[in-house]
Amino acid sequence: MVSRRQCSQCSRMYNVLSMRPKTDGVCDDDGAPLTVRKDDREDVIRERLRTYEEVTRPVLNHYPSDRYFQISGDRSSAYIFEEITHILETVKA
């Protein structure tokens, strides 16, 4: 997230590591300057992660482990769909 940049004019998103603009700091479409969104700053991201660990993660303890399934969200949409389908078929049986 700290690598994201957004066009100040058209809101197109870039990533300085994987989807760079042709010219550093400038939108390919309209030539407007790229900016770092406030929610992409490192301090904001660290605070969101801290909040997740303190507030959200403990909620998982309220769910029985045999009824809770974890699917990695960094996989393809096809993979995620297949995993969900498999889980639902297993639970349904």
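This briefing describes the sheet, the cysteines, the charged side chains and a few single residues of the structure shown above. The model is a predicted one, and every value given here was computed from it. Its three strands form an open sheet in the order 2-1-3, with antiparallel pairing, and the structure holds nine salt bridges. A search of the whole structure finds zero disulfides, and the number of aromatic pairs is likewise zero.

**The sheet and its strands**

- Strands of a sheet pair through backbone hydrogen bonds, and they can do so in either a parallel or an antiparallel sense.
- In this open sheet of three strands the pairing is antiparallel and the order is 2-1-3, and the edge strands are strand 2 (13-15) and strand 3 (34-35), each of which pairs on one side only.
- Strand 1 and strand 2 run antiparallel and are joined over three bridges, and within this pairing Arg 4 stands opposite Asn 15 of strand 2.
- Strand 1 is also joined to strand 3, again in the antiparallel sense, by two bridges; here Gln 6 stands opposite Thr 35, while Cys 7 has Leu 34 as its bridge partner.
- The hairpin of strand 1 and strand 2 has five residues between the strands, and in this hairpin Ser 11 takes a positive phi near 75°.

**The start of the chain**

- Ser 3 belongs to the segment before strand 1 (4-7), and with a relative accessible area of 12% this serine is buried.
- When residues up to four places away in sequence are not counted, Ser 3 touches Tyr 14, Asn 15, Val 16 and Leu 17.

**Salt bridges**

- Side chains of opposite charge can pair when their charged atoms come close, and the structure holds nine salt bridges, of which some are described here.
- The side chains of Arg 37 and Asp 40 meet in a salt bridge, with a distance of 3.8 Å from N to O; Arg 37 is partly exposed, with a relative accessible area of 25%, while Asp 40 is buried, with a relative accessible area of 1%.
- Both of these residues also take part in a network of salt bridges that links Arg 4, Arg 37, Asp 39 and Asp 40.
- In another salt bridge the side chains of Arg 50 and Glu 47 meet at 2.4 Å from N to O, and these two residues both lie in helix 1 (residues 42-56), three residues apart, which is about one turn of the helix.
- Arg 50 counts as partly exposed at 36% relative accessibility, and Glu 47 is partly exposed as well, with a relative accessible area of 38%.
- Arg 57 forms a salt bridge with Glu 53, in which the closest N and O atoms are 2.9 Å apart; Arg 57 is partly exposed, with a relative accessible area of 40%, and Glu 53 counts as partly exposed at 43% relative accessibility.

**Two further arginines**

- Is Arg 67 buried or exposed? With a relative accessible area of 59%, Arg 67 is exposed, and its place is in the loop between helix 1 and helix 2 (77-92).
- Although Arg 67 and Val 91 are 24 residues apart along the chain, their C-alpha atoms are separated by 8.6 Å.
- What does the charged end of Arg 75 sit over? The charged end of Arg 75 sits over the ring of Tyr 79, at a distance of 3.9 Å from the centre of that ring.

Definitions and conventions
Residues are numbered from 1 along each chain as its sequence is written. This is a predicted model: local features need pLDDT of at least 70, side-chain atom pairs count only at pLDDT 80 or more; totals for chains, interfaces and linings use all residues. Side-chain values use heavy atoms; hydrogens and water are left out. A salt bridge is a side-chain nitrogen of Lys or Arg within 4 Å of a carboxyl oxygen of Asp or Glu. Buried means under 20% relative accessible area, exposed over 50%, partly exposed in between (1.4 Å probe, protein chains only). Helices (H or I, at least four residues) and strands (E, at least two) are DSSP runs, numbered from the N terminus. Rings of Phe, Tyr and Trp (its six-membered ring) pair if their centres lie within 6.5 Å; planes under 30 degrees apart count as stacked, over 60 as edge-to-face and the rest as tilted. A charge sits over a ring if NZ of Lys or CZ of Arg is within 6 Å of the ring centre and within 35 degrees of the ring normal. Contact means heavy atoms within 4.5 Å. Two strands pair if DSSP finds at least two bridges between them. A disulfide is a pair of cysteine sulfur atoms within 2.5 Å.
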